[in-house]
Amino acid sequence: MSTGELLSIEPQELQFPFELRKQISCSLQLSNKSDNYVAFKVKTTNPKKYCVRPNTGVVLPRSTCDVIVTMQAQKEAPADMQCKDKFLLQSVVTSPGATAKDITPEMFNKEAGHNVEECKLRVVYVAPPRPPSPVREGSEEGSSPRASVSDNGNLSASEFSAASRAFVERPEPQDNSTEARALVSKLTEEKNSVIQHNNKLQQELDLLRRQANRSGTGIPIMYIVIVGLVGIILGYLLKKI
């Protein structure tokens, strides 16, 4: 920070991130340390190369003012990236309530007896900021590798051959829907047959009971046992189906 009795200037040099064929700007902050109105004027050794806004103005007491310096687009880079351009900032106390319209060249004339402060600033070229490097596809952790593509957007011959083999060797899923339907139909037929046979045995048992009641004799025990076993077997088969 350059410090005088009237204004403090930050930074002390104008730094431009130099790039060919591109306008570049940097800023200066002027701080009025006094209780007076301070008028300022900015000069440069190369006025055609730079644009200063504002190049004149008034800084109110205990306040600040920003000055923007823009370098015009350059067609050639200087040797060794060195710049000999200089800036001169002049400041002087002015009357209270003064504005930029009240500033005249005579105010900064030392020969007229005005107390003019001067601060010289040099120009420095710095390297432009680097853009962030792009993240390559497939480099992130957990991501699946991808086949590389040539500049024209096509796969190379070896990658195309490998992809073709992978596609051919991949087995196609078998369609088992026909076999499943046939099995379901067969089981359904067997279930219906068992149910019909069970109903038939039940009818025969009821018939034998009625005949025994009429004749007054009981049903043979062995026949009942056989019918019971058959019923148990049929019930087990029905549950299994």
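How exposed is Arg 122, in terms of relative accessibility? At 46% relative accessibility, Arg 122 counts as partly exposed, where buried means under 20% relative accessible area, exposed means over 50%, and partly exposed lies in between (1.4 Å probe, protein chains only).

This is a predicted model, in which local features need pLDDT of at least 70 and side-chain atom pairs count only at pLDDT 80 or more, while totals for chains, interfaces and linings use all residues. Residues are numbered from 1 along each chain as its sequence is written, and side-chain values use heavy atoms, with hydrogens and water left out.

**Overall build**

The protein has three helices and ten strands, which are DSSP runs numbered from the N terminus (helices: H or I, at least four residues; strands: E, at least two). Read from the N terminus on, the elements run β-β-β-β-β-β-β-β-β-β-α-α-α. Of the 241 residues of the protein, 24% count as buried.

**Strands and their pairing**

Strands of a sheet pair through backbone hydrogen bonds, either parallel or antiparallel. Here two strands are taken to pair if DSSP finds at least two bridges between them. An open sheet of five strands has the order β3-β10-β9-β5-β7, and its pairing is mixed. Its edge strands are β3 and β7 (56-59), each of which pairs on one side only. Neighbouring strands of this sheet are turned by 25 degrees against each other on average, direction ignored; the axes behind such angles are lines fitted to C-alpha atoms, for helices over the stretch in contact, and angles run from 0 to 180 degrees between N-to-C directions.

Within this sheet, β3 and β10 pair in the parallel sense over five bridges, and Gln 15 has Val 124 in β10 as its bridge partner. Antiparallel pairing is found for strand β2 (residues 7-10) and β4, which are joined by four bridges, with Ser 8 standing opposite Ser 31 in β4. Strand β4 is also joined to strand β8 (residues 64-71), again antiparallel, by eight bridges, and the bridge partner of Leu 30 in β8 is Cys 65.

**Salt bridges**

A salt bridge is counted when a side-chain nitrogen of Lys or Arg lies within 4 Å of a carboxyl oxygen of Asp or Glu, and by this rule the count comes to five. Among them are the pairs in this table.

| Salt bridge | N to O distance |
|---|---|
| Glu 13 and Arg 122 | 3.1 Å |
| Lys 22 and Glu 19 | 3.5 Å |
| Arg 62 and Asp 35 | 2.9 Å |

Arg 62 lies in the loop between β7 and β8 and Asp 35 in the loop between β4 and β5 (37-44), so this pair ties together parts that are 27 residues apart in sequence. Arg 62 is exposed, with a relative accessible area of 57%, and Asp 35 counts as exposed at 57% relative accessibility.

Glu 13 lies in strand β3 and Arg 122 in strand β10, so the pair ties together parts that are 109 residues apart in sequence.

**Aromatic pairs**

The structure holds three aromatic pairs, where rings of Phe, Tyr and Trp (its six-membered ring) pair if their centres lie within 6.5 Å, and planes under 30 degrees apart count as stacked, over 60 as edge-to-face and the rest as tilted. One of these pairs, formed by Phe 18 and Tyr 125, is tilted, with 4.9 Å centre to centre and 45 degrees between the planes. Phe 18 lies in the loop between β3 (13-17) and β4 (24-32) and Tyr 125 in strand β10 (residues 117-126), so the pair ties together parts that are 107 residues apart in sequence. Both Phe 18 and Tyr 125 are buried.

The rings of Tyr 50 and Phe 87 have centres 5.0 Å apart and planes at 70 degrees, so this pair is edge-to-face. It links distant parts of the chain, with Tyr 50 in strand β6 (residues 50-53) and Phe 87 in strand β9 (residues 86-94), 37 residues apart. Tyr 50 is buried, with a relative accessible area of 6%, and Phe 87 is buried, with 3%. Together with Phe 16, Tyr 50 and Phe 87 form one aromatic cluster.
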